[in-house]
Amino acid sequence: MELSELIFYILAFIGIVAALVTVTANNPIYSILGLIVCFFTISAHFVLMNAQFLAMVNIIVYAGAIIVLFLFVVMMMNLNDLPRSNTHIIWKISGAIGAGALMLLLVASLKVSGNLVQSPTKGDIGLIHSLGHALMNEFLVPFIMTSILLNSAMIGAVLLSKREKQLQK
Amino acid sequence: MDIEILNGVSVQQYLWLTVILFSIGVLGVLSRKNAIIIFMSVELMLNSVNLLLVVFSKMHADTLGQVFVFFSMSVAAAEVAVGLAILVMMYRNTKSINIDILSKIKE
């Protein structure tokens, strides 16, 4: 067995277990910790495929910004004081059946799909040099639009969380 | 059919991994009542699709897939900011983040 195959299997196992912990944990803090582990394994997959820029962006954006936001919200809500909502077992079983049916559908469609076409692989497509060239030449307009999107999301978040105070006064 | 993108790892194996991760995310969305955990499951699904896009970009030796992942990450960041703000507002109004509360929203 090749070394990269071994690393792939270890990372895949850790990632799937962490994802299961995320979905099934009762305490939301444990869910968030599982999600962090899962995101780090996905970043490790990116490094394994030589997509180093995306690996760094994944760690910074997901583990650094999104997860910290989730942690802040969960800790601010202090969920341990809330009455725990016991999900009925019917809901859990039907959710598992639905997800399993979707997985079956995806796997079956992958089985009958046509052959994948191999291209000559170059090693350097994931480095920041080539990605920066693509972002600044072909994708310049979407890149600028992204800044508008982020700006409007920031304004929207501030407005949503401020409105309540004005109503109370 | 077995196209190796790493030494000994084929595209097919990555397809299996991403399908499993996506299905776990769907399981979380369908079976949980906590709105924050549903939100995290959506993030999990987004991330598994990102992984698959990078795999295909590596397979075709094309930068396009990775640029698309970059944009999808920024959209996910914006989505999380607005979604968590909505959740915080819902918690302030109802003192709960159970999604069953939302069925009473029109009363």
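In H2(A), the residues Pro28(A), Ser31(A), Leu35(A), Cys38(A), Phe39(A), Ile42(A), His45(A) and Phe46(A) meet Ile36(B), Ile37(B), Met40(B), Glu43(B), Leu44(B), Asn47(B), Leu51(B) and Val54(B) of H2(B). Residues are in contact if their C-beta atoms, placed from the backbone, lie within 7 Å. Helices (H or I, at least four residues) and strands (E, at least two) are DSSP runs, numbered from the N terminus. By class, the residues of this contact between H2(A) and H2(B) divide into twelve nonpolar, three polar and one charged. Here Ala, Val, Leu, Ile, Met, Phe, Trp, Tyr, Cys and Pro count as nonpolar, Asp, Glu, Lys and Arg as charged, and the others, Gly among them, as polar.

The model is predicted: local features need pLDDT of at least 70 and side-chain atom pairs count only at pLDDT 80 or more, whereas totals for chains, interfaces and linings use all residues. Residues are numbered from 1 along each chain as its sequence is written, while chains are lettered from A and ligands numbered from 1 in the order in which they are written.

The axes of H2(A) and H2(B) come within 11 Å and cross at roughly 5°. Axes are lines fitted to C-alpha atoms, for helices over the stretch in contact, and angles run from 0 to 180 degrees between N-to-C directions. H2(A) and H2(B) are therefore roughly parallel. Angles under 35 degrees count as roughly parallel, over 145 as roughly antiparallel, 65 to 115 as roughly perpendicular and the rest as oblique.

The contact between the chains takes 73 residues from chain A and 65 residues from chain B. On the side of chain A that touches chain B, two or more residues come from each of helix H1 (3–24), helix H2 (28–48), helix H3 (52–77), helix H4 (89–112), helix H5 (128–137) and helix H6 (140–168). This side of chain A has 50 nonpolar, 18 polar and five charged residues.

The largest nonpolar core holds 57 residues. Such a core is a set of buried Ala, Val, Leu, Ile, Met, Phe, Trp, Tyr and Cys residues joined through C-beta atoms within 7 Å. A residue is buried if 20 or more other C-beta atoms lie within 10 Å of its own, exposed if 12 or fewer, and partly exposed in between. Leu54(A), Ile36(B), Val54(B) and Val55(B) touch the most other members. H2(B) gives the most to this core, with twelve residues. Beyond its neighbours within four places in sequence, Leu54(A) is in contact with Phe46(A), Gly126(A), Val54(B), Gln66(B), Val69(B) and Phe70(B).

Chain B has three helices and two strands. From the N terminus on, its elements run β-β-α-α-α. Its radius of gyration, taken over C-alpha atoms, is 18 Å, well over the 13 Å that the globule rule gives for 107 residues, so chain B is more spread out than a compact globule. That rule is 2.2 Å times the number of residues to the power 0.38. The C-alpha atoms of chain B fill a box of roughly 55 × 25 × 20 Å along the principal axes. Of its 107 residues, 47% count as buried.

Within chain B, the axes of H2 (residues 35–60) and H3 (residues 64–94) come within 9 Å and cross at roughly 175°. H2(B) and H3(B) are therefore roughly antiparallel. Their contact includes Phe39(B) and Leu46(B) of H2(B), and Val69(B) and Met73(B) of H3(B).

Technical notes. Contact = placed C-beta atoms within 7 Å.
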